[in-house]
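Student: I would like to learn how to read a structure like this one. Can we take it feature by feature?

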2 protein chains.
Amino acid sequence: KKKSTINHGSRGMSLENEINQSNQYYLSRGIAVVHKKPTPIQIVNVDYPKRSAAIIKEAYFKKASTTDYNGIYLGRYIDFDAKETKQLNSFPLNNFHQHQIKHMQQCYDLGGICFTIIKFTKTDEVYVLNFPDLFKYWKRKEENGKKSISKSEIEHNGYKIKYNLNPLIPYLEAVKTIIDHTNI
Amino acid sequence: KKKSTINHGSRGMSLENEINQSNQYYLSRGIAVVHKKPTPIQIVNVDYPKRSAAIIKEAYFKKASTTDYNGIYLGRYIDFDAKETKQLNSFPLNNFHQHQIKHMQQCYDLGGICFTIIKFTKTDEVYVLNFPDLFKYWKRKEENGKKSISKSEIEHNGYKIKYNLNPLIPYLEAVKTIIDHTNI
Ligand SMILES: [Mg+2]
Ligand SMILES: [Mg+2]
């Protein structure tokens, strides 16, 4: 099978890797500073051998209490999570934990620019969805409505991001539009 | 020995714990959202036992590529590190890695409010030092000057933080002063 070209997306690369690579580009150009937070780990047991590095012998993954990414762009605090789905026609809201939504709400209330980047992995389509829109659908679910956001709702409310060469995912263009429409 | 009262500091509690506790207060009041980033870990080997949580069997501590804390306050991106020293009269600059300084410089250049919180653990004295001041002393070291910042330089350029009840370390008061003096 021929390796797909970058213009057709980057099949196989995880959304996180794509974002990290894009952030590296933005950082190198002095456009934005955005880093992925390390995975939170509960460390239980550590070995300290003589003359070599400490070895963690027992540890567990903890649930993240915030989002995966934050940083600064256009002088603004930005905060977001990256989510992939294998679904074709909808994005299941159980991809989010309550505390992630709460964290974004807290940042948003203080003037932060919060959003999610959603990738439909079957079709390599990537969208930026602003937090107020995400929250609208989250509330609908909480009020016993649909447990997902339909693809057409995402198309209508979100910003489609076209794969590019550098940065691979130029998501900050959508974020700039969001900032331009934000009155704080 | 009588337990020291909170007004005399909180002998024995790590600066990080004190800051985390203060951030919890700020968060609960909707004043700021600031979280400590998880410790970065290089995971080498993970067990996935049936019917129970994944166990990390081998992992190593990685050097942090950024600072410990970031978040949003007064609509501004803030970014800082917490450093303790047992020294009485100076703060050794080898407490910082080059990449932490570089990260703060990158955020500062984009309009972020960057600083360090320094605790003299022998005397329970805590200071906020704005990044431009820290950088001045960092550059002095790079140019073969002193390898530390003297206590009196910190007293002169920094903001002394008095222990309080809630928040324990009201460091955002100093940050507000820094923001008020920043022209972006
Ligand atoms: Mg994620
Ligand atoms: Mg630190």
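This is a predicted model: local features need pLDDT of at least 70, side-chain atom pairs count only at pLDDT 80 or more; totals for chains, interfaces and linings use all residues.

Student: Which residue forms a salt bridge with Asp133(A)?

Tutor: First the general idea. Side chains of opposite charge can pair when their charged atoms come close. Here the partner is Lys136(A), with the closest N and O atoms 3.4 Å apart. Both residues lie in helix α3 (residues 131–142) of chain A. They are three residues apart, about one turn of the helix.

Student: Is Lys136(A) buried or partly exposed?

Tutor: Partly exposed. Lys136(A) has 41% relative accessibility.

Student: What is the separation in sequence for Glu18(A) and Lys119(A)?

Tutor: These two form a salt bridge, with N and O atoms 3.0 Å apart at the closest. Glu18(A) lies in helix α1 (residues 15–28) of chain A and Lys119(A) in strand β7 (residues 113–120) of chain A, so the pair ties together parts that are 101 residues apart in sequence. Both residues are buried. Now look for a third member. Asp124(A) joins Glu18(A) and Lys119(A) in a network of salt bridges.

Student: How many salt bridges are found over all chains?

Tutor: The whole structure has 18.

Student: How many of them are between chain A and chain B?

Tutor: The count there is zero. Look at other contacts. Three residue pairs are in polar contact across the interface, with both residues at pLDDT 80 or more. β1 (32–36), β2 (41–47), β3, β4 and α2 (98–109) of chain A each supply at least two residues of the side that touches chain B. β3(A) gives the most to that side, with seven residues. The residues on that side of chain A divide into 20 nonpolar, eleven polar and three charged.

Student: What area is buried between chain A and chain B?

Tutor: About 2,700 Å², with carbon and sulfur atoms giving 72% of it. The contact takes 34 residues from chain A and 34 residues from chain B.

Student: Now the metals. What coordinates the magnesium ion (ligand 1)?

Tutor: List the donor atoms, then the spacing. Asp68(A) (OD), Asp81(A) (OD) and Ala82(A) (O) coordinate the ion at 2.2 to 2.5 Å. Their spacing in sequence is D-x12-D-A. Asp68(A) lies in the loop between β3 (55–61) and β4 (69–73) of chain A and Asp81(A) in strand β5 (residues 76–85) of chain A, so this pair ties together parts that are 13 residues apart in sequence. Asp68(A) and Asp81(A) are both buried.

Student: Which residues coordinate the magnesium ion (ligand 2)?

Tutor: Asp68(B) (OD), Asp81(B) (OD) and Ala82(B) (O), at 2.2 to 2.5 Å. The donor spacing is D-x12-D-A. Asp68(B), in the loop between β3 (55–61) and β4 (69–73) of chain B, is 14 residues from Ala82(B), in strand β5 (residues 76–85) of chain B. Asp68(B) and Ala82(B) are both buried.

Terms used: Residues are numbered from 1 along each chain as its sequence is written. Chains are lettered from A and ligands numbered from 1 in the order in which they are written. Side-chain values use heavy atoms; hydrogens and water are left out. Donors are N, O and S atoms within 2.8 Å of the metal (3.2 Å for Na, K and Ca); water is not among the atoms, so sites may look incomplete. Helices (H or I, at least four residues) and strands (E, at least two) are DSSP runs, numbered from the N terminus. Buried means under 20% relative accessible area, exposed over 50%, partly exposed in between (1.4 Å probe, protein chains only). Contact means heavy atoms within 4.5 Å. Buried area is the accessible area (1.4 Å probe) that two parts lose on being put together, summed over both. A salt bridge is a side-chain nitrogen of Lys or Arg within 4 Å of a carboxyl oxygen of Asp or Glu. A polar contact is a pair of N or O atoms within 3.5 Å; within protein, one must be able to donate a hydrogen and the other to accept it, and residues adjacent in sequence count only if both atoms are side-chain atoms. Ala, Val, Leu, Ile, Met, Phe, Trp, Tyr, Cys and Pro count as nonpolar, Asp, Glu, Lys and Arg as charged, and the others, Gly among them, as polar.
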